[in-house]
Amino acid sequence: MDPCAFVRLTVDQLLLKLPAVPRPSSGAAGVHPSTSPCFCTLHLHDQPSSLARTAPLPLANACFPHGSGGPVVLSLDAAAVQRLSGRPAELVVTLHAGKSTGSAGCGVGARRALGRVRVPVDVTRAAAGETVVARDGWVDVGKPASAARAQIHLLVRAEPDPRYVFQFGGEPECGPVVYQVPGGGAGGGQRQPVFTCRFSAGRRAAMTRSLTSESSMTRSPSRKLRSWLSTLHGDGYARARRDQRKGWMVTIHDLSGSPVAAASMVTPFVPSPGSGRVSRANPGAWLILQPTAAGASSWKPWARLEAWRERGAVDALGYRLELVFDSGPVECAVPIAESSISAKRGGQFVIDPATFPEGSTGGAWPFAGGFVMGSTVEGEGKASRPTVQVGVQHVACMGDVAVFVALSAAVDLCMDACKLFSHRLRKELCQDQDD
């Protein structure tokens with residue numbers, strides 16, 4: 001397989017040293033950097049805003065001589081690397097005093113810009129296989145003529161991060177072909193088919209769909225009539241909708257037709273009592289499966305994926321992923337990913353030690369190397385053809401890729417499984433292809 005030339009840009013050891021500035025009087029308004037938290041935003045000049053990151057900026061003192069925050073990672077895909085070929089990328093670090101907020105309309109007035117620094121990074125050398133240290137040490141912030149200037153300490157390095165890239169030829173529930181994408185979609189060659197995907201919704205779900213879809217309620221054009229009949233059906237109709245989100249399974253086959261990985265919904269996605277959503281307290285769950293040596297019909301668990309619909313200001317799909325190890329009579333689970341994806345805009349599912357809080361695994365990180373896997377997820381109601389990236393160091397054979405492809409399909413289907421129960425599922429999700 002031909003990997004794609006990604007570059008991993010890491011910014012570490014962030015630390016801020018401030019000049020002596022008179023404190024404001026007790027009645028004065030505003031932000032004083034020595035008494036307020038500081039943070040910085042990092043982005044690459046002339047690159048998409050989706051690459052921007054925000055990081056806390058601890059003040060230099062005896063307790064944190066080398067910075068207390070974790071590393072900030074920006075990943076450049078093959079298309080971005082190609083755009084930057086022949087010229088250095090420019091990392092822009094903007095410093096702020098005040099609290100970092102995710103909303104442009106909340107707390108912006110309390111921030112104060114302290115200045116910015118620019119660090120050139122040779123991405124071309126990194127893409128060619130070389131680790132490039134662009135900056136390691138203190139950098140002055142502000143105009144050179146200024147006598148009292150802040151300083152920021154940072155370690156900036158660019159490293160090769162080759163990845164295999166795959167893309168579903170359609171939505172996972174429609175039984176698409178999965179292709180390898182040479183060059184990461186940057187014109188590196190023609191896509192090659194590597195897997196086929198098969199979806200099953202389960203026999204009980206199929207019978208439920210048949211019962212509800214053939215009723216006069218679903219055929220009637222009148223919303224008012226459907227509402228009245230829904231009330232008449234009562235709990236039976238609500239139960240029918242709940243039963244549609246159970247028993248789903250995705251099987252990944254190689255080109256010879258042999259199953260090489262699967263994702264099986266082992267805990268149904270049901271609404272929490274008194275609500276129409278899947279809650280974090282009672283999530284649905286999938287097992288990601290690998291075939292055993294006993295044969296294609298025998299499976300062993302590789303990971304467990306839980307998902308729910310987040311409550312709060314941001315409507316999002318929450319998820320948690322654990323690796324599953326069979327350690328004798330007791331099964332051991334190691335968490336490796338937990339985050340959320342916007343239900344409206346979609347986003348990316350990622351397994352990467354840089355995005356997972358240190359110590360959350362309860363032990364050593366179970367993968368060697370950095371980036372493990374990433375997969376695109378479309379927002380609710382949008383057609384989805386997931387693109388899957390897998391770090392080269394985590395692939396010894398196509399079976400290793402297959403489990404990540406199965407995981408990607410399960411994450412994509414979680415967006416549908418976690419829809420509000422007042423919304424209908426698409427017909428492709430309510431049929432059993434085995435019948």
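Tyr-319 and Phe-349 are both buried, where buried denotes under 20% relative accessible area, exposed over 50%, and partly exposed the range in between, computed with a 1.4 Å probe on protein chains only. The model is predicted, so that local features need pLDDT of at least 70 and side-chain atom pairs count only at pLDDT 80 or more, whereas totals for chains, interfaces and linings use all residues. Residues are numbered from 1 along each chain as its sequence is written, and side-chain values use heavy atoms, with hydrogens and water left out.

The structure holds 5 aromatic pairs, a pair being counted when ring centres of Phe, Tyr or Trp (its six-membered ring) lie within 6.5 Å, with planes under 30 degrees apart classed as stacked, over 60 as edge-to-face and the rest as tilted. Among them is the tilted pair of Tyr-319 and Phe-349, with 4.8 Å from centre to centre and 50 degrees between the planes. This pair links distant parts of the chain, as Tyr-319 belongs to strand β16 (residues 316-327) and Phe-349 to strand β18, 30 residues apart; helices (H or I, at least four residues) and strands (E, at least two) are DSSP runs numbered from the N terminus. The rings of Trp-365 and Phe-367 have centres 6.0 Å apart and planes at 55 degrees, so this pair is also tilted. Phe-367 counts as buried because its relative accessibility is 15%, and Phe-356, Trp-365 and Phe-367 together form one aromatic cluster.

Strand β19 (residues 373-377) is mostly covered, with 4 of its 5 residues buried.

Contacts between charged groups and rings were assigned where NZ of Lys or CZ of Arg is within 6 Å of the ring centre and within 35 degrees of the ring normal. The charged end of Arg-163 sits over the ring of Phe-371 at 3.4 Å from its centre, and the charged end of Lys-17 sits over the ring of Trp-138 at 4.2 Å from its centre.

Rolling a probe the size of a water molecule over the atoms shows where empty space is left. On a 1 Å grid over the protein atoms alone, a cavity is a set of points where a 1.4 Å probe fits but cannot get out, and a pocket is an open set with protein on both sides within 12 Å along at least five of seven lines, lining residues being those with an atom within 4 Å of a point. Grid points are joined across faces, edges and corners, and a volume is the space filled by probe spheres set on the points.

The largest pocket contains about 1,500 Å³ of space. Of the 44 residues that line it, the closest to its centre are Ser-50, Arg-53, Gly-347, Gln-348 and Val-350. Elements that give two or more residues to this lining include β3 (53-56), α1 (78-83), β9 (163-168), β16, β18 and β20, and β17 gives the most, with 7 residues. By class, the lining of the largest pocket has 21 nonpolar, 16 polar and 7 charged residues, where Ala, Val, Leu, Ile, Met, Phe, Trp, Tyr, Cys and Pro count as nonpolar, Asp, Glu, Lys and Arg as charged, and the others, Gly among them, as polar.

The count of cavities of 30 Å³ or more comes to 2, and the largest cavity has a volume of about 80 Å³. Its lining divides into 1 nonpolar, 3 polar and 8 charged residues, including Glu-171, Lys-382, Met-415 and Arg-426.

Positive phi values occur at Gln-13 and Asp-46, neither of which is a glycine, at about 55 degrees for Gln-13 and about 65 degrees for Asp-46. Asp-161, found in the loop between β8 (150-160) and β9, counts as buried at 5% relative accessibility, and its C-alpha atom is separated by 8.7 Å from that of Cys-4, 157 residues apart along the chain.
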